[in-house]
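Please look over the sequence and the model before reading on.

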Amino acid sequence: MTALMTDFPSGAVPAAVSFRGVGKVFSGSRSRVQALDNVSFDIEPGEFFGLLGPNGAGKTTLISILAGLSRASAGSVTVHGHDVVTDFAAARRSLGIVPQELVFDPFFSVRETLQIQSGYFGVRTDRRANDAWIDELLDSLGLADKADANMRQLSGGMKRRVLVAQALVHRPPVIVLDEPTAGVDVELRQTLWQFISKLNKQGHTVLLTTHYLEEAEALCGRLAMLKHGRVVALDRTSALLAGRASTMLRFKLDTPLPAALEAQARVTGRIVQIKTRNAAEVESVLATLRAAGGQPEDLEIGRADLEDVFLEIMQGETAAVSA
Ligand SMILES: Nc1ncnc2c1ncn2[C@@H]1O[C@H](COP(=O)(O)OP(=O)(O)OP(=O)(O)O)[C@@H](O)[C@H]1O
Ligand SMILES: [Mg+2]
């Protein structure tokens, strides 16, 4: 159904996205921020790739450079072999970008917004075929009953759905989503992921940034983690998880955590998670708790998840760049 707008040069198939030594410095009259520092990695056609990192790590800056909205201070970026600066139109046509910020023109209806976007990419020649695709987008994203509503009448979550539809209107082979699920309800998240996963299975490459690490763990085959503008981890999701197969002890606690356990614990309200290496350590944690009069409830022992791995890498204990 979906014809991908790929135009590979004959011979070798280039990476869907290639970042080569990308640097970005923002300099003001008094400040200088090195937002990106020598970022290099490739995303292969058909990958579902996750770009993770704390606030300010440089994710949106990297995506802006990819989108041609911002110029790199160093290095280069290509999309299916097209340089985003010297071959901007071809690179941009291969990309569908869902921006982090909600930006839209309030004077148009949802359908008009999508038709105008279609026009930007010159899909107008086959207007009718694209109207069918626009209907499919509206339907898949739960926007069918809002097609004629004015953009300013939509709720925040609905506007985000329109941004997703807008990014996909020209059927780009590479779909870039910058925090698409921030502030989005559970139902839309599920609809969105089903739809994006379907497009990925059809061959579209997906680059996703999210702070919801369970989403990244479930969806992304490979991950890059950025910290202060540098790649600090780059590997298959399964390898990142396996490389740190530590055991997590999780329980609820109504009394204060004994000081002896504070350093190794992650506490969210009543929920305590403690990383242990083996059964003996689990026993020793429980003994420390008991000795302090603590009564853990809903005790569970499980494998470390992506959030544990992420925190460990961000705390700088180890670097995990293997590819
Ligand atoms: N236009 C700009 N001028 C100056 N500094 C900027 C500009 N845009 C971003 N920065 C800085 O660059 C760094 C990276 O910002 P960026 O928006 O890329 O982070 P991010 O990883 O997307 O964070 P978040 O998770 O909060 O979206 C930050 O220190 C930010 O303050
Ligand atoms: Mg961002």
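The points below cover the chain as a whole, the surroundings of its ligand and one hairpin.

This is a predicted model, in which local features need pLDDT of at least 70 and side-chain atom pairs count only at pLDDT 80 or more, while totals for chains, interfaces and linings use all residues. Residues are numbered from 1 along each chain as its sequence is written, and chains are lettered from A and ligands numbered from 1 in the order in which they are written.

**The chain**

- The chain holds eleven helices and 15 strands, where helices (H or I, at least four residues) and strands (E, at least two) are DSSP runs numbered from the N terminus.
- Along the principal axes, the C-alpha atoms of the chain fill a box of roughly 75 × 45 × 45 Å.

**Around ligand 1**

- The residues that surround ligand 1 include Phe 26, Val 33, Ala 35, Lys 59, Thr 60, Thr 61 and Gln 100, each counted as near if its C-beta atom, placed from the backbone, lies within 6 Å.
- Strand E2 (32–43) and helix H1 (59–66) each supply at least two residues of this shell, and the largest share, three residues, comes from H1.

- Strand E9 (residues 222–227) and strand E10 (residues 230–236) pair in the antiparallel sense over six bridges, pairing being assigned if DSSP finds at least two bridges between two strands.
- Lys 227 stands opposite Arg 230 in E10, and two residues lie between the strands of this hairpin, with His 228 in the turn having a positive phi of about 45°.
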